[in-house]
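I opened the notebook to record what I looked up in this structure. The entries follow in the order in which I made them.

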There are 2 protein chains.
Amino acid sequence: MELKEALQQLELLQKKMYAYTCAESALYLDSVTVAPKDTAEGRGVALGILAGESQKLITASETGELLEFLREHREELGEPERRETEELWRSYQQMVRIPADEYMEYAMLTNEASDVWHRAKENSDFELFRPVLERLVEFSRKFAGYYDETKKPYDALLNEFERGADMEYLDAFFAEIRAKLVPLIQEIGRAQQIDDSFLHRYYPVEAQRRFSDYLMEVLQLDRGHCTIGETEHPFTLEFNNKDVRITTNYKENSVAESMYSVIHEGGHAKYELGIRDDLQYTCLAGGVSMGVHESQSRFYENIIGRSREFIGAIFPKMQEFFPEQLSDVTAEQMYRAVNRVEPSLIRTEADELTYCLHVMIRYEIEKQLIGGSLEVKDVPEVWNRLYKEYLGVDVPDDRRGCLQDSHWSGGSFGYFPSYALGSAYGAQMLKNMEQDIDVWGPVSRGDLSAVSGWLREKIHQYGSLMEPSEVVKNACGVFEPSAYTEYLTKKYREIYGL
Amino acid sequence: MELKEALQQLELLQKKMYAYTCAESALYLDSVTVAPKDTAEGRGVALGILAGESQKLITASETGELLEFLREHREELGEPERRETEELWRSYQQMVRIPADEYMEYAMLTNEASDVWHRAKENSDFELFRPVLERLVEFSRKFAGYYDETKKPYDALLNEFERGADMEYLDAFFAEIRAKLVPLIQEIGRAQQIDDSFLHRYYPVEAQRRFSDYLMEVLQLDRGHCTIGETEHPFTLEFNNKDVRITTNYKENSVAESMYSVIHEGGHAKYELGIRDDLQYTCLAGGVSMGVHESQSRFYENIIGRSREFIGAIFPKMQEFFPEQLSDVTAEQMYRAVNRVEPSLIRTEADELTYCLHVMIRYEIEKQLIGGSLEVKDVPEVWNRLYKEYLGVDVPDDRRGCLQDSHWSGGSFGYFPSYALGSAYGAQMLKNMEQDIDVWGPVSRGDLSAVSGWLREKIHQYGSLMEPSEVVKNACGVFEPSAYTEYLTKKYREIYGL
């Protein structure tokens, strides 16, 4: 084989993978937006075939031979081809190590588990979910060995979502969180609470839609390349760096919910839209890791979107969209309301400060589950105990307790920590950004272009061209969890007058 | 190979083809509904790859071997497998006869032609389109030979859209049309014209949307399996018999336009939704031909939807949706207004009676173009002459003349006649239906279930299990174009009091 031919094959292989991903994305997007409701069966048939074809492609012996050839010629490869080869080789190696029958069995299990979890959650019946969860834990332990037999199982799983992160890294991270934030939250609990009742007045959906359009403008999301839709659960879906969709969900009695969904998903979208053109249609075209992706969405949502400067900038406009609802409210009251801290039961509804404790609880449970020191049957008890210990709340039932998240039912163990890591990366990025540019001057005028430009230069453009840890280093320097706890401590002590 | 294994492979082959079709459909649907506008490039990359994969699948030597094996064992095959094998064999044979480089060149040409046609139409500049059209005609002649070298080229092309139809069949059909309808239209031209001005009052889109929902109910289209959307050009898109989408387009000054789009596309949807479960995910799962499909959409649109009984049934409800616009209108006035005959320039806006003459003009031109007795450069002149001769209208420019339709730019020669054939099949179906069941009693009460039931039994359920001509025979008996001209003559002489 000639190198030139091999490079053409590399390009074609990746375009095929891109095409399968596009197909799956389009079918998924359709299913959660306009598809008639009783159509899951036929879609399932198509998705099953497409997933199979895409798996066949990456595990094909021709693919292995191509990648081996390219690796032998790595000195002659330029970037990004060298990195593409390494990434694909890693996927190839990993996929071929999983026996086909186990992979199939696992796919069927997660498919079944999703249904069972839905029912179990609805009925707050952990016993219904328990046997499935036990099998999922077993599978994950086994798969961890296929992923990387040199690592401890949970480290191997963590590595799938945030390459380079392991228990040592996360233990130190969460130790800092626990030490600094648990007492702070307790202190806030004793302070005078903020009134946010005006956020829950009646906000007509039509006005909220127009407000979202305005937020898209503020975020400088070009509507020619990024649209906003409506789904039950907000998400971001990218086809390529010229075609990204975000969604939100409007509630008439809660204006902040959709507002922060739009900003959060907008942050994910900015990342994908900022990736370099020459990485498109390759395996390097997407954001580099869950943690880094969350760092972007949470940076926009919390660090920018919940800042006094940002609220000050958009509040007059917000009053125009909601004149009756907000005529008796000041920007400062709005700032305080969207930063109200209140320990609660549900992770996805948590405020900026308590959020990472929800994640920490899941981390501790997963670590023990996969490590073997906790049995599935004991999960609810440990869950409820940790919620009491860290957040001071009593979990009334498993629906609002250990059955609230879908992740485990999809076989995702090791995913949660990336949410907290992302937030922490964001705080440190802010520190560095403030040294490089004037962040708050422009933001206080509603101008996010300097912020966007910095993030694009330090993070977005690279897509997956670098390792997650390199991207983090590029934007944060050496990662120090204390940047995060200091950011939170300073912000919330000021807000609560402590 | 064991027969059992071969049958499993046959099933898998067809499921893969189904999956590719689903993927393409989902991407297409997205592109004409919610996709951001500047996203064609990335979608093109994905669609190109998917089309290539799907073509590779049907032309693979393994596919040929599988089909040959199954054909050798045809006596042992049940239905629908025998028919599936024959259909796939036909596609396989046809595709492998087309040289890959010509197929690629042709794909690129039609892609380019679409752009050129759009610009030519916009500027009413036939000369811009002429060179491309010449190449398309040349390609179509050559491809006709690949399709079936034993047939005359235009017959081979006709056969692609309506298997069994040829020039002899269509010449006889259009001769009847010409003889009976041209004089009738001329006579109507001299009669007192119907007032339809109230159809063009201001009809708010929101009210029209609610009216569409009502029409979906009348058509008994289950929203769990069929949704209605909005696109520039209305269409029906089917994923399978449990998942069909129709679209419409609302104009504030024209209530009938969307109304009849919904009923027309609803007719297509009824067909696809009525196909048997055991044909799903096979090559027999769709409607059998363009002509038969149009027979269903036009049956609902014109024969039912523009009947006095149907209008009588829905008009009181229609007045509820549009109280201000229709308070001074009677059901009879509405009936006459939606049946107003007026020779015009644009096929897609033509009334029931003049519609087939638009088609006849295209048929005559295509026949001569592909047959070689007409040169592309002379198309505008012949077009304009025939519009004057058959419809009595002067074509002011090519935009409203021979550049109006997209079909030729997509390389579709031989497609148009199926529109007229479909209408004619419908008229004959009505004749047979009236002998079997009470059609008009239930329709006059707004109950279409008997009509639907008959069509489902005679046509829909079979999908592509039978040849188009067999389906037509099953529903019409021996096809006689006079049933169509008699239906039209009777209806329109009565309306115009001739």
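**Backbone and interface notes**

I placed P80(B) in the loop between α3 (61-72) and α4 (81-97) of chain B; helices are DSSP runs of H or I with at least four residues, strands are runs of E with at least two, and both are numbered from the N terminus. The peptide bond from E79(B) to P80(B) is cis, with omega near 0 degrees. P80(A) sits in the loop between α3 (61-72) and α4 (81-97) of chain A.

I noted the basis of the entries: this is a predicted model, local features need pLDDT of at least 70, side-chain atom pairs count only at pLDDT 80 or more, and totals for chains, interfaces and linings use all residues. Residues are numbered from 1 along each chain as its sequence is written, chains are lettered from A and ligands numbered from 1 in the order in which they are written, and side-chain values use heavy atoms, with hydrogens and water left out.

I checked confidence next. Chain A has a mean pLDDT (the predictor's confidence in each residue, from 0 to 100) of 96, and 100% of its residues reach 70 or more. For the complex the predictor gives an ipTM of 0.92 and a pTM of 0.93.

I then looked up positive phi values. Most residues other than glycine have a negative phi, and most peptide bonds are trans. S124(A), not a glycine, has a positive phi of about 50 degrees, and it lies in the loop between α5 (100-122) and α6 (126-147) of chain A. Y281(B), also not a glycine, has a positive phi of about 65 degrees; its place is the loop between α10 (255-273) and α11 (290-304) of chain B. Is Y281(B) buried or exposed? Y281(B) is buried, with a relative accessible area of 14%, whereas S124(A) counts as partly exposed at 24% (buried is under 20%, exposed over 50%, partly exposed in between, with a 1.4 Å probe and protein chains only).

Last, I turned to the interface. The contact (heavy atoms within 4.5 Å) takes 39 residues from chain B and 39 residues from chain A. I recorded 6 salt bridges across it (a side-chain nitrogen of Lys or Arg within 4 Å of a carboxyl oxygen of Asp or Glu). E53(B) forms a salt bridge with K16(A), their closest N and O atoms being 3.3 Å apart. On the side of chain B that touches chain A, α1(B) supplies the largest share, 12 residues.
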